[in-house]
Amino acid sequence: MRWTRRDVLWRGLMVLLGSWLVAAPFDACRKAGKTSDFVTIRATEYAFTPASLSAHVGQTVRIRFENHGSLQHNFVIDNVIWSVMVDPGKTVELEFTAPNQPGDYPYYCAVPGHRELGMQGMLHVTPS
């Protein structure tokens, strides 16, 4: 079968429409504050970049945790998340639910001495 220009345009339009129909519900959830895209946190000796994050109450938070340092590091928010130790040059993806109470929640590296040397940050949780 030989395709005409009209066939190609019609099929292209159908692909675009189909993509929009699939993506629209996910976009609506994200706008409603129910989920988030990945945020990258870079760990080095002895800092996190960025040093602060924001989320809404109950929001799913997704972090791409990259260890750019020469030592193992992890990511901890007390009573919320405690990640595995991440080797130098490695990346892990983390997911957790923001606390149900607005407020500031410190995050830090739990390797002994790292937090005291400045490896900490703050998660700011706001009402939805």
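What follows is a chat about the fold, core and local geometry of a predicted model.

Colleague: What share of the contacts join residues at least 24 apart?

Modeller: 62%, among contacts between residues at least 6 apart in sequence.

Colleague: Let's do sheets. What is the strand order in the open sheet of four strands?

Modeller: The order is β2-β1-β4-β7, and the pairing is mixed. β2 and β7 stand at the edges. Each has a single partner strand, so one side of each is left without a neighbour in the sheet.

Colleague: What does the twist average?

Modeller: The average is 25° from one strand to the next.

Colleague: How many bridges join β4 to β7?

Modeller: Seven, and the two strands run antiparallel. Within that pairing, phenylalanine 65 stands opposite valine 92 in β7.

Colleague: Which strand does β3 pair with, and is that parallel or antiparallel?

Modeller: β3 pairs with β9 in the parallel sense, over five bridges. One partner pair is histidine 56 with threonine 126 in β9.

Colleague: Which side chains of β3 are buried?

Modeller: Leu53 and Ala55 point to one face and are buried.

Colleague: Core next. Which residues touch the most other members of the largest nonpolar core?

Modeller: Phe48, Ile63, Phe65 and Phe75, out of 22 residues in that core.

Colleague: Which strands each supply at least two residues of this core?

Modeller: β1, β3, β4, β7 and β9. The largest share comes from β4, with three residues. In soluble globular proteins, nonpolar side chains tend to be buried together.

Colleague: How many aromatic pairs does the structure hold?

Modeller: Six. In one of them, phenylalanine 48 and phenylalanine 75 are edge-to-face. Their centres are 6.1 Å apart, with 70° between the planes.

Colleague: Where in the chain are those two?

Modeller: Phenylalanine 48 is in strand β2, and phenylalanine 75 is in the loop between β4 and β5. They are 27 residues apart, so the pair links distant parts of the chain.

Colleague: Where does tyrosine 107 sit?

Modeller: In strand β8, 32 residues from phenylalanine 75. Tyrosine 107 is buried, with a relative accessible area of 0%.

Colleague: Which residues do ring pairs link into a cluster?

Modeller: Phe48, Phe65, Phe75, Phe96 and Tyr107.

Colleague: What else is phenylalanine 75 in contact with?

Modeller: Leaving aside neighbours within four places in sequence, the list includes Ile41, Ile63, Ile81, Trp82, Ser83, Leu94 and Tyr108.

Colleague: Switching to charges. Which ring does the charged end of arginine 64 sit over?

Modeller: The ring of phenylalanine 38, at 4.6 Å from its centre. Arginine 115 lies over the face of tyrosine 108, 3.9 Å from the ring centre.

Colleague: What is phi of asparagine 79?

Modeller: Near 60°, a positive value in a residue other than glycine. Most residues other than glycine have a negative phi, and most peptide bonds are trans.

Colleague: Where is asparagine 79, and is it buried or exposed?

Modeller: Asparagine 79 is in the loop between β5 and β6. At 85% relative accessibility, asparagine 79 counts as exposed.

Definitions and conventions. Residues are numbered from 1 along each chain as its sequence is written. This is a predicted model: local features need pLDDT of at least 70, side-chain atom pairs count only at pLDDT 80 or more; totals for chains, interfaces and linings use all residues. Side-chain values use heavy atoms; hydrogens and water are left out. Rings of Phe, Tyr and Trp (its six-membered ring) pair if their centres lie within 6.5 Å; planes under 30 degrees apart count as stacked, over 60 as edge-to-face and the rest as tilted. Buried means under 20% relative accessible area, exposed over 50%, partly exposed in between (1.4 Å probe, protein chains only). A charge sits over a ring if NZ of Lys or CZ of Arg is within 6 Å of the ring centre and within 35 degrees of the ring normal. A nonpolar core is a set of buried Ala, Val, Leu, Ile, Met, Phe, Trp, Tyr and Cys residues joined through side-chain atoms within 4.5 Å. Contact means heavy atoms within 4.5 Å. Two strands pair if DSSP finds at least two bridges between them. Axes are lines fitted to C-alpha atoms, for helices over the stretch in contact, and angles run from 0 to 180 degrees between N-to-C directions.
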